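Please walk me through this structure. Take the side chains group by group.

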Amino acid sequence: IEHIVTAVNQRPDSPAKLSLTKEQVGQQTFYTLKGSTPKMGELPFEIDYVFVDSYLVAAANRGLLNTAIQNRSTGYTLSHSAKFRDQLPRDAYANFSGIIYHDMGSAINSLVDQIT
């Protein structure tokens, strides 16, 4: 990721300007990738990530990462979620090396609750 950030920033025609920082907290090293897109009206973005038990865990902010780490340590994981398992293929081949999962329904419900 560091090499990608450097390569993107070295290109004169790059659509984004990136910065990568890291912070050691106990045994964990947290990384924050920030950027802006000058050619698109300075749209800012941030991705935070950490490696936990040889997995890359990424989220929109450090708070979500801490929640994910805490959930894993207490055994509250996706593999134990009936809602998640119900969405897996029914062909019994549920082995995969990577997955992106977001429960949009819960996020939208939470947002609606805050608005009303």
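This is a predicted model: local features need pLDDT of at least 70, side-chain atom pairs count only at pLDDT 80 or more; totals for chains, interfaces and linings use all residues.

Start with the charged pairs. How many salt bridges does a search of the whole structure find? The search finds three.

One joins aspartate 13 to arginine 11, with the closest N and O atoms 3.1 Å apart. Aspartate 13 has 42% relative accessibility, so it counts as partly exposed. Arginine 11 is partly exposed as well, with a relative accessible area of 44%.

Another salt bridge brings together the side chains of arginine 62 and glutamate 23, at 3.0 Å from N to O. Arginine 62 sits in helix α2 (residues 62-74) and glutamate 23 in strand β1, so this pair ties together parts that lie 39 residues apart in sequence. Arginine 62 is partly exposed at 23% relative accessibility. Glutamate 23 is partly exposed too, and its relative accessible area is 40%.

Aspartate 53 and arginine 72 also meet through their side chains in a salt bridge, 2.9 Å from N to O. This pair links distant parts of the chain: aspartate 53 is in the loop between β3 and β4 (55-59), arginine 72 is in helix α2, and 19 residues separate them. Is aspartate 53 buried or exposed? Its relative accessibility is 53%, and exposed means over 50%, so aspartate 53 counts as exposed. Arginine 72 is partly exposed, with a relative accessible area of 38%.

Now turn to the rings. The structure holds three aromatic pairs. One of them is tyrosine 31 with phenylalanine 51, an edge-to-face pair with 6.4 Å centre to centre and 85 degrees between the planes. This pair connects distant parts of the chain, with tyrosine 31 in strand β2 and phenylalanine 51 in strand β3 (residues 43-52), 20 residues apart. Tyrosine 31 is buried, with a relative accessible area of 15%. Phenylalanine 51 is partly exposed at 45%. Phenylalanine 51 also pairs edge-to-face with tyrosine 49, at 6.2 Å centre to centre and 90 degrees between the planes. Tyrosine 49 has 5% relative accessibility, and buried means under 20%, so tyrosine 49 counts as buried.

Follow phenylalanine 51 to the surface. Which residues form a nonpolar patch there? They are Ile1, Phe51 and Leu56, with about 290 Å² of accessible area together. Isoleucine 1 lies in the segment before α1 (2-10). Isoleucine 1 is partly exposed, at 46% relative accessibility.

Next come two residues with polar side chains. Threonine 32 is found in strand β2 (residues 28-37). With 11% relative accessibility, threonine 32 counts as buried. Its side chain makes a polar contact with the side chain of aspartate 48, at 2.9 Å. Leaving aside residues up to four places away in sequence, threonine 32 touches Ser19, Leu20, Thr21, Glu46, Ile47 and Asp48.

Serine 14 lies in the loop between α1 and β1 (17-25). Where does its side chain reach? The side chain of serine 14 reaches the backbone oxygen of valine 8, at 3.1 Å. Serine 14 is buried, with a relative accessible area of 6%. Serine 14 and threonine 37 are 23 residues apart in sequence, and their C-alpha atoms are 8.9 Å apart in space.

Definitions and conventions. Residues are numbered from 1 along each chain as its sequence is written. Side-chain values use heavy atoms; hydrogens and water are left out. Patches are made of residues with over 30% relative accessible area and no salt bridge: like charges are joined within 9 Å, nonpolar side chains (Val, Leu, Ile, Met, Phe, Trp, Tyr) within 5 Å. Accessible areas come from the Shrake-Rupley method with a 1.4 Å probe; for residues, only the protein chains shown count as cover. A salt bridge is a side-chain nitrogen of Lys or Arg within 4 Å of a carboxyl oxygen of Asp or Glu. Helices (H or I, at least four residues) and strands (E, at least two) are DSSP runs, numbered from the N terminus. Buried means under 20% relative accessible area, exposed over 50%, partly exposed in between (1.4 Å probe, protein chains only). A polar contact is a pair of N or O atoms within 3.5 Å; within protein, one must be able to donate a hydrogen and the other to accept it, and residues adjacent in sequence count only if both atoms are side-chain atoms. Contact means heavy atoms within 4.5 Å. Rings of Phe, Tyr and Trp (its six-membered ring) pair if their centres lie within 6.5 Å; planes under 30 degrees apart count as stacked, over 60 as edge-to-face and the rest as tilted.
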